[in-house]
Amino acid sequence: MSRLFMKQRWKTYLRHAFWFALVLGGILPAFALDNIALQLKWTHSFQFAGYYAAQDKGYYREAGLAVRILEATPGSDPVGNVLAGQAEYGVGTSSLLLQRNAGKPVVALGVIFQHSPYILLSRQNGPIQSIHDLDGKRVMLEPQAEELLAYLKKEDIPLERITRVEHSFDPQDLVLGKVDAISAYVINQPYYLDRAHFSYQIYNPRSAGIDFYGDNLFTTEREIQANPERVKAFRAASLRGWQYAMSHPEEIADLIRAKYSRQHSRDYLLFQARQMLPLIQPELVEIGYTNPGRWRHIAEIYVELGMLPADFSLDSFLYDLNPQRNLTWLYRTLAIALLVIAFSSAVAYRLSRLSAALRTSEERFRLVADNAQDVLWKYDLRQQCLSYISPAVERLTGYTVEEAMAQSIDESFTAASALAVRAAVAYLTTHPEDSKSVMELESLRKDGSTVWSEATMSLIHGANGKAAEVVGVSRDVTARRLVQEQQKRFLAMVSHEFRTPMNAILGMAELLAETELTPEQSKYLEVFQNAGNNLLDLINDILDLSKVEAGQFQLYPEDFALAPILQAQLELLSPRAHEKGLELRLSIAADVPAYVHGDAQRLKQCITNLVGNALKFCHEGYVSIAAECDRDAPDMLHFSVSDTGIGIPADKLDAIFEAFNQADSHITRNYGGTGLGLTITQRLVELMAGRIWVESTPGHGSIFHFTARLPEVTHPVIQAEAKPAGNAALRSFTRPPSILLAEDNQNNVFLMRSLLKSTPCRVDVADNGATAVEKFRTKHYDLILMDVEMPLMDGYSATREIRRIEQEEDLQQTQIYALTAHAFKEDEAKSLNAGCNGHLTKPIRKQVLLDVLNALPLERQAANAADAQRSPAQTGNAKQIIASLAGNEHFDFPAALAHLEIEPELFLTVLGLFRDALPLYRQGIAQAFAGGDMPEARRQAHSLKGEAATVGARLLSSAAAELQSAIDQGETGSYASLQARIEELIAAASLVLADLPRSPS
């Protein structure tokens, strides 16, 4: 019994021991995990995808490790954190070599990026068109970017010649022009710049032979000595994680956002994944593979540039995965026996691996290409056809891959773009030193429309060294071009809206100056005109700066004689200099070309801004302009403007080129100005491929220097004869010139009539383009002044229609001048293309009108030349008429008179003009709604709101404002009621004003 009892007890003990062992076996490993930390070199993103994958897939846990992944912050030192014991492992750049040379015991465990992602970025259309243009520019370089410093040294760019700016890690600083170039990662910053539709230039150190490793996994000698097996396990688990991450990018992108950081969008993380593939090259090189020869090459570049000593050793820097004992005797014994077998096996194995690698590479390339948003394509130069195009082509053009492959260049692009493609291919084949060509192309879509894309093309050479293929990437830039077009329209609108009221303000001031004034009134008028002109200058400056920043600014180069341009600017600025008792000098070096090619207007603007600036801050002495050839660069001219003025403190020299900034706040109070002149000058100089800088000594004056690319022209240039300035009188006419004024703004109509009041001209008015055409059909005019923005038919369309009528009826061409607030160069070109003889901008000067009249060819008689211009009938006293209209709810005449501050007779005229315009507003709004043209309906409501407010029609102005607001807010349900309300108020106002004298037709 006792023996049986003991046997049962032993079975119980064994059973308990068995279960205890199972439980212990499941619990103990959880407590036995080694706690370690991995220090990243930046914040959480796909750049460190492999480590997240190793953590999430349990690879670290399987290796007995509990890993904390620590992100870095701007300004932190990841290598220093590892060396200080805050982490056992870290991610570093190839500058680990420099750390090792500095005595820090870092050891490279493995290479993740076979090619470094470090690049430099600059504005594509800015002053930096090659890496050498960084000389003298502002550059943001982040810490531990030694390979970029090596790149600059390799390109012979002294580091002391660039202005190094502390890195903000915000690409917006490059977009806003706060710096000229920034260091960046090709997997990061381009994403944001592309989505901001910002065109940029990439400078890659590889172009200068600086091909460094990128992110490297590292640890310390202390960790290797103390925990060799842990190091091996951590390395293996990490690389296993990287292999998984690069094969499952979408899964890891979701993991990062779910468990680590939502700072970046999923699209951004997948962009990183795509950009990392060619840097890691997992299909060609095993992740983690380290080539000692490559590290030696990197060290030699550092040695060559003086960043490492010549005797620098890689010993102990590279991790030895399997340290071996010396078995040379065994190898020698076996070598002869295995030689033949090894050779044949190696060849077979190598061929097998290469074949597998090629298959894998092709499969991965196809996977990336087939899923890319951009269109990837290859063009066979020998066969003159596409050899590959990715499926994204169907999204871009509507054609399937098969249809696109069958198309020729002429069938794929518009005629202009097809010609550009052929020119680019020809250029690449004849200029092998240029690695790529980037251009915008217009592709033909299957539905008959077109789409714009940005194509980046590179040339591939065959084994014989000859050009074999063109490889390209085409990106849809329709949205970017739409934004640019919207910016362009916005600037045009701003220009128009500012200049239209300025036309009336400055025009009336000019007329007032012709009247008899007391000395006190003359002084008031002078202040008024100066303020108006300053405001107009500010408007011009803001628009110029906005166009440059929006990428809408263009140069218009032409051949011109340089000396007369500079001399003309000197004469223009001389009166200001003489007023202050200053001498204005000009010197042109003997070797400066007589004739050059460039934008003469923008060169004059730069000279005027700098000389005007010098005159403002100079009280005695001189201001000097000098021009000479730039000794260091062909086709570059060096200009300088020096003065004996107040000078600029050294710590303010950089700030003066910032928008709305001056050296000191008291400058603005004492000297005026907005601080935009130098900013615009800097932008213009950069567009002319030059640079600007300043030397100054407080109390002794300043010298502003700038360079500009102005190639010499060997042939003489016939200079256009300058128009004489001043107050030329109107010539005598054998008959009164007949003028048709097409203008819908009644204030401007009144102004133009006033400007022409002292001339013998007969003026007819049309308040829209359609009316202008009808008036032209019944009466020929000597001159048509055509506003370009009018209801029913704009000025461009009206001009084209008039030219068509002239051609059909074989009529002599009428002089048509665009008279508009649109003042840009492209606006002038648009007017001329529509058929105008000239382009006049508001604010219009009386002298400009006289110049146009003096140039009129009056050989022929107008059809209705005998018709005398009708004068408005004057019925009764103006005050009595206005008083008789008062006392109704529709008008507040006293308030309107007080606001306008004009005489009752003049106000009566304005009321008549308003009364005559009311039916046109009613018709215009009705037609806009009937045609579904909401922009036109809004424009009509906006104009009516202002006109009604001017004459005191409060109810009508308020109703028009409500309609404008409803259109802006998309409140379609209120359109009909507001339109009906406006029609009622127009009818009531017309009834009130029905008995007013008729205005001239």
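Guide: With handedness. This is a predicted model. The crossing of α21 and α22 is right-handed.

Visitor: At what angle do helix α21 and helix α22 pack, and how far apart are their axes?

Guide: Helix α21 spans residues 562–579 and helix α22 spans residues 600–616. The angle is about 30°, and the axes lie 10 Å apart. Angles under 35 degrees count as roughly parallel, so α21 is roughly parallel to α22.

Visitor: Which residues in α21 meet α22?

Guide: From α21 come L562, I565, L566, Q569, L573, R576 and A577. They meet A600, L603, K604, I607, T608, V611, G612 and L615 in α22. By class, this contact has 10 nonpolar, three polar and two charged residues.

Visitor: Now a single site. Where is T43 found?

Guide: In the loop between β1 (34–39) and α2 (49–56).

Visitor: Is T43 buried or exposed?

Guide: Check the relative accessible area against the cut-off. Buried means under 20%. T43 has 15%, so T43 is buried.

Visitor: What does T43 touch, leaving out residues up to four places away in sequence?

Guide: F48, E71, A72, Q263 and H264. T43 and Y260 are 217 residues apart in sequence, yet 9.7 Å apart in space, C-alpha to C-alpha.

Visitor: And the whole chain: how many helices and strands?

Guide: The protein chain has 35 helices and 27 strands. Buried residues make up 46% of its 1001 residues. Of contacts between residues at least 6 apart in sequence, 72% join residues at least 24 apart.

Key. Residues are numbered from 1 along each chain as its sequence is written. This is a predicted model: local features need pLDDT of at least 70, side-chain atom pairs count only at pLDDT 80 or more; totals for chains, interfaces and linings use all residues. Side-chain values use heavy atoms; hydrogens and water are left out. Helices (H or I, at least four residues) and strands (E, at least two) are DSSP runs, numbered from the N terminus. Buried means under 20% relative accessible area, exposed over 50%, partly exposed in between (1.4 Å probe, protein chains only). Contact means heavy atoms within 4.5 Å. Axes are lines fitted to C-alpha atoms, for helices over the stretch in contact, and angles run from 0 to 180 degrees between N-to-C directions. Angles under 35 degrees count as roughly parallel, over 145 as roughly antiparallel, 65 to 115 as roughly perpendicular and the rest as oblique. A crossing is left-handed if the near helix is turned anticlockwise from the far one by less than a right angle, and right-handed if clockwise. Ala, Val, Leu, Ile, Met, Phe, Trp, Tyr, Cys and Pro count as nonpolar, Asp, Glu, Lys and Arg as charged, and the others, Gly among them, as polar.
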